[in-house]
Amino acid sequence: SKIVLKADRLDIHELWRVRRILRADIESQQTLRPPNSPAVLQLRLKAAGQRKIKLPILWTLDAAWQAWFAPIPDADAEAAKAFAAAIDNNADLGATSAERQQRLAAARSLARNATWANVGLMAWAFLYPHPYELLLFVLAALPWVAVWIMARAPGLYTLNAPRGSGRPDLTLLLISPGFLLMLRALQDVQILDWQGVLVGAVLVALVLMGSVLWALPSARDKFGIAALTLALVMAYGYGVVALGNAVLDRSNGASYATTVYGKHVTSGRNRTPKLRLGPWGPRTTEDDVTVPWDLYRSASIGQTVCVLLRPGAFGIRWYRLAACQPI
């Protein structure tokens with residue numbers, strides 16, 4: 001394939017056809033920068049119902065290319081100008097233009113620091129998750145901290161800002177802790193009553209998403225982004241409910257002995273150790289259960305292990321495996 005620039009049109013040579021686009025028919029251009037991929041030039045046409053044209057930028061943008069596209073309005077530049085004007089006119093961000101620009105610079109710095117902090121949280125959550133309850137508290141609190149920060153600066157932050165837009169974005173701080181909580185819950189806690197966890201996860205996610213829409217009124221007009229964010233914060237709801245139900249449970253519960261009938265590690269990027277257990281208590285059939293690595297390594301087929309079943313602080317029964325202690 002190739003792109004040919006004519007005086008007044010763009011010829012896109014594909015495998016089976018050549019598309020000819022008149023420059024006068026192009027309404028705007030926008031550069032998309034997906035992660036780990038080449039930049040993509042997106043062209044919006046003036047005709048209603050026409051699909052956007054996407055051209056992966058796999059070549060050097062020389063003077064001839066830039067001169068051809070210069071007359072076409074740049075959606076990114078227009079959005080940047082509109083955002084800068086909105087900041088300058090937003091009295092809630094400061095009494096003077098200098099104060100508002102200072103708030104904007106501080107918000108951008110905070111968003112960059114949140115990205116680096118996420119790396120530290122991942123290391124804390126999986127390399128050395130101690131103190132355990134403090135880790136869970138920090139992860140559970142961070143999304144609400146993000147909502148509080150966004151609410152204190154109306155019109156300054158946005159959800160899922162395009163790369164290179166210059167708009168402060170705390171979406172990572174809002175979503176990432178939830179995934180870390182969910183992964184910790186899947187590894188540390190086995191749930192017996194799944195329906196209760198799912199209902200609780202939906203309720204928590206709806207409350208969190210409602211708070212985000214309250215803090216960011218502009219997000220209410222972006223249904224697709226809001227729906228995607230709601231789906232992502234479901235992980236937060238699951239992690240908070242499952243781990244909170246276990247950590248806050250102070251009951252003694254009951255212990256059941258069962259036999260290990262098999263063991264294996266799942267394949268893929270996240271290798272997970274599992275034991276195949278015989279029937280115990282409410283479980284009447286064999287079942288594969290995720291266990292910590294130390295228990296997986298020490299357990300052998302035919303060995304007896306103990307299942308500690310507890311009612312849960314939220315009334316959701318959960319259990320954990322451990323080596324049986326001698327009486």
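Entry 1: I sorted the residues that line the largest pocket by class. I found 14 nonpolar, five polar and six charged residues. I noted that the model is predicted.

Entry 2: Next I looked up the volume. The largest pocket holds about 750 Å³ of space. I then checked which residues sit closest to its centre. Of the 25 lining residues, these are L183, Q187, T272, P273 and T290.

**Entry 3: who supplies the lining.** Which element gives the largest share of the lining? I found that helix 5 does, with five residues. I also listed the elements that supply at least two residues each. They are helix 5 (171-188), strand 7 (190-191), strand 9 (273-277), helix 8 (293-298) and strand 12 (318-323).

**Entry 4: the disulfide.** I reminded myself that a disulfide is a covalent bond between the sulfur atoms of two cysteines. How many disulfides are there? I counted one. It joins C306 to C324, with 2.1 Å from S to S. The pair links distant parts of the chain, 18 residues apart. I placed C306 in strand 11 (residues 304-310) and C324 in the segment after strand 12.

**Entry 5: its handedness.** I looked up the torsion about the S-S bond of C306 and C324. It is about 110°, so the disulfide is right-handed.

**Entry 6: buried or exposed?** I checked both cysteines. C306 has a relative accessible area of 13%. That is under 20%, so C306 counts as buried. C324 has a relative accessible area of 30%. That lies between 20% and 50%, so C324 is partly exposed.

Key: Residues are numbered from 1 along each chain as its sequence is written. This is a predicted model: local features need pLDDT of at least 70, side-chain atom pairs count only at pLDDT 80 or more; totals for chains, interfaces and linings use all residues. Side-chain values use heavy atoms; hydrogens and water are left out. On a 1 Å grid over the protein atoms alone, a cavity is a set of points where a 1.4 Å probe fits but cannot get out, and a pocket is an open set with protein on both sides within 12 Å along at least five of seven lines; lining residues have an atom within 4 Å of a point. Grid points are joined across faces, edges and corners, and a volume is the space filled by probe spheres set on the points. Helices (H or I, at least four residues) and strands (E, at least two) are DSSP runs, numbered from the N terminus. Ala, Val, Leu, Ile, Met, Phe, Trp, Tyr, Cys and Pro count as nonpolar, Asp, Glu, Lys and Arg as charged, and the others, Gly among them, as polar. A disulfide is a pair of cysteine sulfur atoms within 2.5 Å. Buried means under 20% relative accessible area, exposed over 50%, partly exposed in between (1.4 Å probe, protein chains only).
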